[in-house]
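Please work through each task with the sequence and the structure at hand before reading its solution.

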Amino acid sequence: MTLLNKELELAHEIVEDSNPTNNTDFQTVINRRLNRRSILKGGTGLTAAAFFGALPLVGCSDDDDDSPSRLPSDDDQAAIPAQGDLKRPDTLKFTAVAHSTADTMSVAEGYQAEMILPLGTPLMSGIADWKDNREQSAESFEWRMGDNHDGMWFFGKKGNTYDAKASKNGLLVMNHEYVNSSELSPFGYHVISDNNAAPIYQNRRLASDVRREVNCHGVAVVEMTRRADGMGYEMVPNSKYNRRITSSTTAQLAGPVAGSDLVKTKFDPTGFQTRGINNNCGAGLSPWGTYLTTEENFLGVFARGQDAEQLSAAHNYGRERYGAPENFSGWEYLWHTPYAKDEIITDEFSRWDMTAVGASAADDYRNGFNTFGYITEIDPFDQNSTPQKRTAMGRFAHENCAYAPVESGKPVVFYMGDDARGEYIYKFVSKARWSNADIGGGLKAGDKYLNEGTLYVAVFHEDGRGEWRPLVHGQNGLDASNAELPFAGQDEVLVFARAAADALGATKMDRPEWVSVSPMTGEVYVTLTNNKYRGEREDQPLSAANPRSYEVGGKSRGNDNGHIIRWAEAGGDHAATRFEWDIYLFGAPSDLSAENLSQLSASNDLSSPDGLYFDPRGVLWIQTDDGAYTDTSSCMLLAALPGKVSDGTTITTSAGQQTRIGMPASNDNIKRFFVGPEGCEVTGITMTPDFKTLFINIQHPGNTWGAVAGGSTPRSATVMITREDGDVILAESFT
């Protein structure tokens, strides 16, 4: 996901790029390729439990079973088919949506798409409706929908508890990634210049404007109930569950970094708490039924002055490795700068300035930066609970978090991507072994599974094999002997996970974004959205896993259209340290012949894949965040039916790089289902347990999409998609 869209162009250009290493992206020695049959032998028997709270609810039928599928009904007790009844369709039978650059959205024939919960929607009575101006107070956004809706999940609810099978009532939980100046400040930021101030304070902002933006970040929890006509949902006003968690909300640091000297600040000199969650991008579900939100481009709201002499060489490098050198002013948010006439500005804003100015870390916010960049766990059913930043899962620009299907007595495994050019793919393997008794266990279950475990980083070899290397202090050079950043303990390995991954020789990828696990094969899919530097810079050479560098329309070479990589863990064991991989799909305009390696057509071509979601039936939903193909089509949502790793062939790209690719695309196995309004990103996706409602989000739309009647300011919002006949989504493909 991208950040800070003051102009549409910026939506696709401001992407962190702070990996200075010259890690070799591949190994030149070709080893004998793993046999796919041996990898998949005894493969994981997967179930819809992987998506609906790990409950043993449904099993996918074997590939050789030609029996018809029974589809869920309106009855919550039958919302999930019985074991063996669910079978993925062989072909997609809906009519593909055409390209569109209109200021409206379009969806497949037979479906309807409705905008709900736009920016500023009150979650409680007594809060005025959104107005097309700046009259909404900063404080009111503690009870309004925030900006730039992103990753989300629908939590079925029965009574006051989580029920993975319930569809009539539920909690829709979603991220608000960042703010658009044009939406929150339609008349422009009020910035006061002061050339006599220190460089990072020469442009200052009003406190009220910054408070509004701070409160527009974070997470919204909204109780939803099915409408009386059975079609879609509406918000339950004044629900006790309706809640906003913002960049002002206190959060707990949990795991190995909690209490470390690296996270002690003036706010909490003990290092166990911080204030706020920020730049929450993709999201995930835990097997026990809590929400996992991610902190991605947190760099953009921080600033750093001149303080290198007060810090160790190692910690200076650690900051720079995350994009924060001296005299860094952030990405124009200027949250550290506010002053207001006759108002005393305190730590409310200075906490966004990481400059070391005091005698110790307890006297300033030099470590405030280190308290962001984590997977954060929220229990939506406990409105008084404190968000938990799970530090054992590493600190980087988390895009989303997907877990592998759980099995009693085995570790719980989560996959994550670091969304920046040339960054890495990670997985976390819990120390604790899974027990179904922990379903519904809330944050206590999170303490059990997420505070102890091993973080790994991926290495993709040229021959289609790969390995996971552990980020463990004292192993493989992650100790005081490391030249750039001598690691003093596991807390430093995790806080500076990128530097640790550098030392292990991880493979630099083309912006790893969303991750999803197939319920059919157990294979893991990751979108690699794009990378304009691939093959153009010495530190980002071509590799088999990132094999394209090409010029389109006079632009400099690079990977403008992105691709989706996938792998199968050895023996079907997600805790394994070896895997086999290929590239499932290359994004490209259908007329870009030399680069249209997946043989896309006008009905399914795409660029810059971003959001990714396997529904429990095995349908893969692909969303785009694109700036390279938007003269032909706005960003989109596609439905796909992938095969397996090694179902294709070996090819050579136009840049001369050999790689492994999956079977070609066709109108049977991938189609465009939805196109968003001009200027938008299509992101965030979740489905109700009865498969009858699909929710997606629209970020930074153009023109007046989402504006109030008579208004001109566009607003980010959620889109609710249902079939016109009330049947399940893609019912035509399951008949």
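**Exercise 1.** Determine which strand is joined to β26 by 7 bridges, and in which sense the two run.

*Solution.* The partner is strand β27 (residues 578-586), and the two strands run antiparallel. Strands here are DSSP runs of E with at least two residues, helices are runs of H or I with at least four, and both are numbered from the N terminus. Two strands pair if DSSP finds at least two bridges between them. Within β27, I583 stands opposite I565. Strand β25 (residues 524-528) also pairs with β26 in the antiparallel sense, over 5 bridges, and L528 stands opposite H563 in β26.

The model is predicted; local features need pLDDT of at least 70, side-chain atom pairs count only at pLDDT 80 or more, and totals for chains, interfaces and linings use all residues. Residues are numbered from 1 along each chain as its sequence is written, and side-chain values use heavy atoms, with hydrogens and water left out.

**Exercise 2.** Classify the ring pairs W288 with F414 and Y415 with W567.

*Solution.* Rings of Phe, Tyr and Trp (its six-membered ring) pair if their centres lie within 6.5 Å; planes under 30 degrees apart count as stacked, over 60 as edge-to-face and the rest as tilted. The structure holds 36 aromatic pairs. For W288 and F414, the centres are 6.4 Å apart and the planes stand at 75°, so the pair is edge-to-face. W288 lies in the loop between β13 and β14 and F414 in strand β18 (residues 411-418), so the pair ties together parts 126 residues apart in sequence. Both W288 and F414 are buried. For Y415 and W567, the centres are 5.8 Å apart and the planes stand at 65°, so this pair is also edge-to-face. Y415 in strand β18 and W567 in strand β26 are 152 residues apart. Y415 has a relative accessible area of 0%, and W567 likewise counts as buried at 0%.

How values were computed: Buried < 20%, exposed > 50% of the residue type's maximum accessible area, 1.4 Å probe, protein only.
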